[in-house]
Amino acid sequence: MADRRNRSISSRKQPQQARSAGLVAAILDAAVQVLSKEGAQRFTTARVAEKAGVSVGSLYQYFPNKAAILFRLQSDEWQRTSELLRGILADGTKPPPARLRALVRAFFRSECEEAAIRVALNDAAPLYRDAPEAIDARAAGEGIVAAFMREALPKASDATRVLAGELITTTLSEVGKRFSETPRSEAEISRYADGMADMLCAYLGELSRRRGHS
């Protein structure tokens, strides 16, 4: 059953030529627009094809159903998130608190810029939540955070690092989701992100000062 589900949400074929790649890009761009406007419940291949200016048959050459399109959008989002995490948290030229602060700022800005599509993709998550790619994406993110925690808290126990990583990522995810539900100005985003960064950096600093972590 898992194999059948995974096949049903995978792209039918990969574009080999520039023209085909352009068609797929147009379909995905249209999908983002339809998803942002209509939401996951009203998202259909027909609406996407119409928005992209292509036939449904052309769309089906690359995506067998709407779940495959949504899964591709979500996969692209996972990749961007992993690149964001790795690019900031793995930057050894900056101390851990500076990296965490930079991550918070980038995260809140990203959440607000893509709020509509993120909400819609969350609504569609049951379609692909247990797919192997979803599991791999979560594991990759956890690995990046774990490596950062080993640098930020070198004297802490493994349990302390795991807990700190989970608290930071969960707080960012939940607060970012709620904050981005309302349109925000650049000043609001900066002010809120700085406040959250102050709180999380203070927490990290307190942990790093403790002795005998348990």
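This is a predicted model: local features need pLDDT of at least 70, side-chain atom pairs count only at pLDDT 80 or more; totals for chains, interfaces and linings use all residues.
1. Axes are lines fitted to C-alpha atoms, for helices over the stretch in contact, and angles run from 0 to 180 degrees between N-to-C directions. Helices (H or I, at least four residues) are DSSP runs, numbered from the N terminus.

2. The α8 and α9 crossing is right-handed, that is, the near helix is turned clockwise from the far one by less than a right angle. On the α8 side, Val145, Met149 and Arg150 meet Arg161, Ala164, Gly165, Ile168 and Thr169 of α9, where contact means heavy atoms within 4.5 Å. These residues comprise four nonpolar, two polar and two charged. Ala, Val, Leu, Ile, Met, Phe, Trp, Tyr, Cys and Pro count as nonpolar, Asp, Glu, Lys and Arg as charged, and the others, Gly among them, as polar.

3. α9 also packs against helix α10 (residues 186–209): their axes come within 12 Å and cross at roughly 165 degrees. That makes α9 roughly antiparallel to α10, and the crossing is right-handed. Contributors from α9 include Ala164, Leu167, Ile168 and Phe179, while those from α10 include Tyr192, Met196, Met199 and Leu204. By class, the contact residues are 14 nonpolar, two polar and one charged.

4. Helix α5 (residues 66–89) and helix α6 (residues 96–113) have axes that come within 9 Å and cross at roughly 150 degrees. The pair is therefore roughly antiparallel, with a right-handed crossing. Leu84, Leu85, Ile88 and Leu89 of α5 contact Arg99, Ala102, Leu103 and Ala106 of α6. Seven of these residues are nonpolar, none is polar and one is charged.

5. The largest pocket has a volume of about 1600 Å³. On a 1 Å grid over the protein atoms alone, a pocket is an open set of points where a 1.4 Å probe fits, with protein on both sides within 12 Å along at least five of seven lines. Grid points are joined across faces, edges and corners, and the volume is the space filled by probe spheres set on the points.

6. The lining of the largest pocket comprises 47 residues (those with an atom within 4 Å of a point), and Thr81, Phe107, Arg138, Thr169 and Ser173 lie nearest its centre. α5, α6, α7 (115–124), α8 (132–152) and α9 (158–179) each supply at least two lining residues. α9 gives the most, with 12 residues. The lining divides into 22 nonpolar, 11 polar and 14 charged residues.

7. Residues are numbered from 1 along each chain as its sequence is written, and side-chain values use heavy atoms, with hydrogens and water left out. Local features need pLDDT of at least 70 and side-chain atom pairs count only at pLDDT 80 or more, whereas totals for chains, interfaces and linings use all residues.

Methods. Angles under 35 degrees count as roughly parallel, over 145 as roughly antiparallel, 65 to 115 as roughly perpendicular and the rest as oblique.
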